[in-house]
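Work through the exercises below with the sequence and the model open. Each task is followed by a solution in steps.

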Amino acid sequence: MFAEILDTTHGITSTGLLPVAESTNPYGLSAQTITELVGYSTSLDPLLPPVTKIHSSNTSCQVSDASSTLTLSNTANTASTLNNSFFSGDYNNNFMTASTLGTFNMNVDTIDPSSNLTTSSPITINPSLLSNYTMGGMSANEVNVSPDGTLQLSGDLWTKLDLPYNVTQNTVLEFEFRSDAMGYAHVIGFDNDNSYWDNANSNKLTGFKLFGTETWDRWNQALNNYSGTNWKSYSFKIGDLFTGAMKYLFFVNTNPYGTSGNSFFRNIRVYDTNFSTPTKPLWYSGFENGFPGGEWLNYDTGTYTSNGQSTQSSNWTILNQTQGSQEGVMKLSGNSVYKGWINTESTSSHRPYPVLQIDPSGQWNSDTTFNNYLSSPSVPVVNRFYAYMDWDPSKISDSDWLSFMTVTNNTYWGVVGLSLRGANGQLEMAHAPWQTVTSTPAIMPSDRWVRFTTYMDFKANLLYVWMDGTLIFKMTQGGNLNYTNGSNGQTAYLRRAHWGLYANGGFSDATVYNDSIQLWTVQAPLTNPSQEPWSPYDGDGVDFVYSSDFVAPTVANLNAPTITTSSKDYSFTVSYTDNTLMYKGNLDSKDIRVTGPNGFNQLAQFVSSTTSADGKTVVGTYKISSNLVWGINDKNGVYTISLEGNQVGDYNYNFMAAQTLGTFNVNVNVNVKDTITINPSLLSNYTMGGMSANEVNVSQDGTLKLSGDLWTKLDLPYNVTQNTVLEFEFRSDAMGYAHVIGFDNDNSYWDNANSNKLTGFKLFGTETWDRWNQALNNYSGTNWKSYSFKIGDLFTGAMKYLFFVNTNPYGTSGNSFFRNIRVYNLNSLHISTPRISTSIANGTVTNGKSFVKANKQHQFTVTYTDAYGINLGTLDKNDIKVLAPNGTLQNVTSVSTTSSSDHKTVTATYKIYDNVGLRANQSNEFLIQLQGNQVNDLHYNFMTAQTIGRFTLV
């Protein structure tokens, strides 16, 4: 509420005069206008109007604000700001003192049909507004309202809530109830005088017992059918049982002898139905007794069959609840559900239908169900049905259509229909003028139950369609809806209808499930199409009532383990749970966002979902992808998983708000199989200075090129152990000042002693600085050279960065190139060395000895085998030497190397030149000797020195 405040100056002056409250309205707003803007408000006219209708308050005036006389007061010295809002001081900060401005009365006796207490809004109960009712008191610990609006009653109490309502023949009470144990009595009811004993209400019982051992005859027994401990939905017309002006909604939870048993209520609603005259049930099928009516119509023969025609590319059957659950279709009502499906394309534009047919006309079916309806004066008829649709969007064009309801008022199939068109499932009507009454096109949700209600007044040429309680279509006179005094074969009655599935020939993959198909009549035309008609079938207690749920799902569990191994993709699961039924069709790649270090921000890709047997829990699997590889180019650290708002909901369109779900850690030690792919945008300056964009480049094959004079680093958290190995390939096009690769833990090489062990390895260059480790300073030439060594033999400890140096401080040339960088730990259990065999080229073997014709050069091959793999980087000309008969050691030349894909078998070819003056027929042999600590496997098991072959010249 607000009050107009008038200042005598209306400007910035030094008068020192305080503003005063007056009854004038300087802004030109009428009291009615203000009421529409802010709920209930006043300009403080001395004749303040009473509150007699429902307007904005905590929830609604008659529910959460008790009827009373309220006093409006302004607050003393309230700070204000100079803006266009109403304020209680002038521009010179002269503030008004606290004072009473006036009063108004709140006396709400009836509900305003345009208020928010309708079928779409449950009553929000303020526990402070509950009070003692007739039988006795209640203590604070006996009444509790949880954050989701559930009212819990404990102990032995009677309590009431102010709820003035004029109950008519059309009034409906809806709520959900559960109890954790049977007590003496669990009751909900209405009263008008706070004294149940004196409330005759024409001797009609207004309190409804739901559960309990009590047998008192003053409780109405119409709803005494609760059992178990789960939630049960109630929706019934109390106007059929009593009418009159009520003041209170009361609750009873009695345990007079200290017995257990609590009562829980939620989603309580009181509203009037659309129709001023009663409804009349006409026809219903829940498929509990097989196929209703005359089974299925075979259009070729005019007869009915009990199963589908699979040879016609369309099929149908009835599933029990177990079978339905196996297909992900949750329970709606009863134990049976109809299924129809199409599995191939068809040349026919209207293929044979897997549909449920009723025939009030009696043309094919002699069923007499509709005789009374057709022989009585025409009245509107309402059809409600539940459909669960599944189709493959990738197999559907925009011109394809799939129909799942047709009705007609004639016998020659001049129908009107409801169908979806195109991959996104946009709904449309057919064969008569129609219009969409929603602001956006109506879309058929997939993979969930959807409730459709169709009101048909053939005499008035009028048809309405609601989807899940929302009016979506209106159809008026014309086309196949046309009726003029029964001409052209059309009548004012429903003459034929079917539901299920049929389509044009382009559909090749579609399934429909149906349940709870209903027809009823009403005795007067619809007056308020904004509200979905009330069903005599659902209202009498169908097991699943959509409109009773207004509670959004919650996240029951997030399973997001730490990333410890490097990979590109990372999967995690989110468990959503709902009090009624989750809608798995909501889950997609817009649900989850992951943020983290280095500006990581990515919507997670939806992978799959699984649904619990009761449909209340859906587990969604999502994945995110590293820019290149987790823990290498997307930093180690803490990542946050958040739910996007209004994405995940239940069957009743209750969507979850945006929220943080949890975090996961990335803590990766790079695996031996992973080659580090460097993202240049993730390189940063390191200790000695900056780098420009043209100094760093990563080619398409992953080669890192460093130019100019720079030090740069890459985040690579790694705990270096005694078994840690660094592998890479390096080349330079010219010798610069220093070409270096190394590790660091504090971004300050100067202070990083690492126990005084050197962690940067100089590979090439003229610099002689003693802070570089010289173990790998053996590069020459301009070709690629492979390096593979155990850095764990040189230093250990927690490292944060892999750094690179290419220094040319005086403008000298020389670039550094790195590729195939790998960091990994050896498997300490693998300790066996490689095996070896030798073959002499052009040699003959006699008595186990090789004889080779004298020549200037001699070639031989050595085959290395290992269970884990040979380290190719260790194969070179230094592996082998040949001992000549005169005692000299001959160096060999490396010719070639071939390897299996897993490096477990490697064949190296070497050759020597005979330059020691020895010739044929000398008796001494040449010995081929493997040098020690030269060749190793991928676990750094080095081979020892040994003679591996011998030959004699002839």
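The model is predicted: local features need pLDDT of at least 70, side-chain atom pairs count only at pLDDT 80 or more, and totals for chains, interfaces and linings use all residues. Residues are numbered from 1 along each chain as its sequence is written, and side-chain values use heavy atoms, with hydrogens and water left out.

**Exercise 1.** Determine how strand S26 (residues 449–457) is enclosed.

Solution. Strands are DSSP runs of E, at least two residues, numbered from the N terminus. Buried means under 20% relative accessible area (1.4 Å probe, protein chains only). Trp-449, Arg-451, Thr-453, Tyr-455 and Asp-457 point one way from S26, while Val-450, Phe-452, Thr-454 and Met-456 point the other way. All of these are buried. Nine of the nine residues are therefore buried, so S26 is largely enclosed by the rest of the structure.

**Exercise 2.** Find the strands that pair with S26.

Solution. Two strands pair if DSSP finds at least two bridges between them. Strand S21 (residues 381–391) pairs with S26 in the antiparallel sense over eight bridges; Tyr-386 has Arg-451 in S26 as its bridge partner. Strand S27 (residues 462–467) runs antiparallel to S26 and is joined to it by six bridges, with Thr-454 opposite Val-465 in S27. S26 and S27 form a hairpin with four residues between them. In the turn, Asn-461 has a positive phi of about 55°.

Notes
Buried < 20%, exposed > 50% of the residue type's maximum accessible area, 1.4 Å probe, protein only.
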